[in-house]
Protein chains: 2
Amino acid sequence: MWVKRENEAIRDILFSPIARELQEVEERLRAGLESHSSLIAEVSSYVLGSGGKRIRPALLLLSAKLFGYEDGSRSVALASVAEYMHVATLIHDDIIDNADKRRGLPSANSRWGSHVSVLVGDFLYARAIQVLVEDGDFRVLKAFADATVSMAEGEILELETFKKLDITYEEYLKIITCKTAVLISAACQVGALISKAPEEQVKAMADFGLNLGIGFQLVDDALDFAASEEMLGKPVGNDLVEGKVTYPLIYVLHQDQSPERDHIRHLLSNGQLQEVDVERIRRYVTEGGGVLASVEEARTYLRKARQQLVPFPDTVARRSLEMLVDFIVERKW
Amino acid sequence: MWVKRENEAIRDILFSPIARELQEVEERLRAGLESHSSLIAEVSSYVLGSGGKRIRPALLLLSAKLFGYEDGSRSVALASVAEYMHVATLIHDDIIDNADKRRGLPSANSRWGSHVSVLVGDFLYARAIQVLVEDGDFRVLKAFADATVSMAEGEILELETFKKLDITYEEYLKIITCKTAVLISAACQVGALISKAPEEQVKAMADFGLNLGIGFQLVDDALDFAASEEMLGKPVGNDLVEGKVTYPLIYVLHQDQSPERDHIRHLLSNGQLQEVDVERIRRYVTEGGGVLASVEEARTYLRKARQQLVPFPDTVARRSLEMLVDFIVERKW
């Protein structure tokens with residue numbers, strides 16, 4: 001609980017330059033669900049209200065602010081699109097992963113059943129497109145549409161590599177790029193687009209988001225081995241249980257040549273993992289340096305992200321984005 | 001088998017004015033899946049290839065032809081969008097309905113699991129949006145985006161009325177309008193839009209499609225009681241098993257006052273229906289006039305659809321659309 005409060009405080013500081021707009025995003029997210037079926041409203045509000053950090057809306061707003069975007073109308077609407085899309089994929093993800101928990105609360109899937117989850121995800125995605133059509137900018141639409149195709153491809157690639165112990169770094173990076181980084185990249189890019197930023201700066205922000213997203217996911221994958229359930233809001237070792245082979249594990253399976261490696265491979269290849277197995281694999285991965293290696297790799301991407309910000313004037317928005325990058329490595333969320 | 005062949009022959013005649021374009025749609029549907037994950041290509045090809053009648057692409061193409069649209073490039077691309085969207089909803093539908101069969105073949109859901117189905121549906125929908133962005137016409141995008149929001153709402157409304165025996169005609173009509181008619185309406189409307197038809201004719205085609213779609217679904221619901229499994233490509237009485245209360249049943253439950261009615265209500269309210277129960281309910285509904293009433297109601301909508309075509313010049317496209325309307329009542333598919 002203390003960790004959670006600390007993180008909320010840090011988030012408030014990081015996002016202080018866009019506090020007002022983020023508040024408007026919250027209102028818009030809710031308003032966009034009004035006048036529809038009560039079940040849609042109930043499930044969507046539950047998922048939207050269950051402690052999302054609003055990273056994507058915040059990045060879109062900060063990116064716009066970086067280019068001096070003042071009129072909040074488009075940025076707030078498009079920030080809500082980024083969150084609708086993110087939440088839609090989370091809801092569908094939970095079906096795929098059979099996840100019981102999401103951010104410490106029962107997943108929509110476990111609460112209402114996958115039938116409802118499929119449709120509420122579809123609805124949120126369709127609403128997002130509707131808002132984009134109202135906004136009326138094809139470059140913005142293209143950024144988000146391309147991201148969603150990639151996200152579906154990334155998810156499927158992840159399914160295809162389920163429990164695949166010889167997954168390559170390249171395959172893994174492709175998955176996290178598609179699954180996580182492209183939408184973050186789109187959010188950053190759209191902030192620049194609506195500010196009428198020059199082409200190379202739009203590109204710089206897309207690259208910033210892509211590197212940030214990859215770094216973010218690498219840290220996330222490390223935390224799944226190293227954090228506590230209280231911090232994560234979901235069980236530790238969750239990726240293992242779901243058959244996902246992530247960076248820390250890939251690293252150790254590559255490095256280690258001891259007999260323990262064969263035993264771990266055997267455990268991972270065979271059926272359902274027991275709690276004691278998960279614990280053993282976690283220890284194996286952390287002691288073998290997998291967590292450190294994943295964070296080290298994350299740092300490489302986050303450095304690249306930070307580098308993209310160097311040419312910009314030293315404004316509040318830039319400082320906030322830099323702090324966000326730095327904080328990702330420190331984060332416990 | 002004979003019925004199937006007969007229907008294919010009729011379809012070939014109906015769609016003869018757009019045979020070449022429909023062939024191009026097939027190629028485009030396939031090409032749009034290339035270069036992506038092999039699993040996506042496999043599952044999508046399976047679903048796209050399993051005997052869809054391409055009603056929505058055909059309506060879009062015929063509608064365009066009605067207004068003299070000649071250059072096939074946009075019409076073929078947008079016709080493929082209509083089919084991608086339709087197939088995406090079918091795939092997600094099958095998860096929701098736990099359907100084992102679709103068009104006489106195992107559903108994607110039963111073959112690859114709901115995990116894969118969720119994502120392939122998402123992928124197809126995202127690809128559809130991508131094609132719409134490439135096409136670059138906001139009115140077209142709006143027509144399809146609005147349709148998809150309605151489709152998700154309709155599906156959820158259907159879930160909310162699961163096994164609800166006192167569902168009103170209005171609720172039922174809302175569901176089939178959203179689930180089936182709005183996409184058909186969008187396809188017809190888009191055919192007019194790309195032909196630069198005047199506003200009131202775009203509206204006429206949207207209305208044509210809406211009435212056609214409602215009529216089509218009412219006939220479909222009647223067939224679920226009256227046809228044979230061989231004709232339907234899925235078990236008869238499927239809607240009953242899936243807890244869907246459709247027009248023929250609503251009608252009879254409203255009309256009949258006999259003790260049998262209470263027995264039927266009891267059967268429908270309690271758990272899983274046995275084969276013998278389904279047969280008893282089917283007989284009750286057909287003998288009570290539910291099937292005829294549903295087809296009669298369908299005729300009302302189909303007459304309205306036909307009426308929308310009256311002002312148009314007597315062209316091959318118009319005759320084809322009229323025959324399509326007439327054929328819906330006769331159809332066994």
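In this predicted model, chain B is superposed on chain A by a rotation of 180° with 0.0 Å of shift along its axis, and the RMSD of that superposition is 0.0 Å. This is the relation of a two-fold axis. In general, a rotation about an axis and a shift along it relate two copies of a chain. The same surface serves both copies, since 100% of the contact residues of chain B recur in chain A.

Where does chain B come closest to the rotation axis? Among the residues of chain B, that place belongs to B:Val118, whose C-alpha lies at 3.5 Å from the axis.

The contact itself can then be followed along the chain. On the side of chain B, 34 residues are in contact with 34 residues of chain A. Four helices of chain B each supply at least two residues of this side: helix 3 (38–49), helix 5 (72–97), helix 7 (114–135) and helix 8 (138–160). Helix 8 of chain B gives the largest share, with 14 residues. Sorted by class, the side of chain B that touches chain A consists of 19 nonpolar, eight polar and seven charged residues.

For chain A, the average pLDDT is 91, and 95% of the residues score at least 70. For the complex, the predictor gives an ipTM of 0.90 together with a pTM of 0.92.

Note on methods
Residues are numbered from 1 along each chain as its sequence is written. Chains are lettered from A and ligands numbered from 1 in the order in which they are written. This is a predicted model: local features need pLDDT of at least 70, side-chain atom pairs count only at pLDDT 80 or more; totals for chains, interfaces and linings use all residues. Two residues are in contact if their C-beta atoms, placed from the backbone, lie within 7 Å. Ala, Val, Leu, Ile, Met, Phe, Trp, Tyr, Cys and Pro count as nonpolar, Asp, Glu, Lys and Arg as charged, and the others, Gly among them, as polar. Copies are superposed by least squares on the C-alpha atoms of residues with pLDDT of at least 70 in both. pLDDT is the predictor's confidence in each residue, from 0 to 100.
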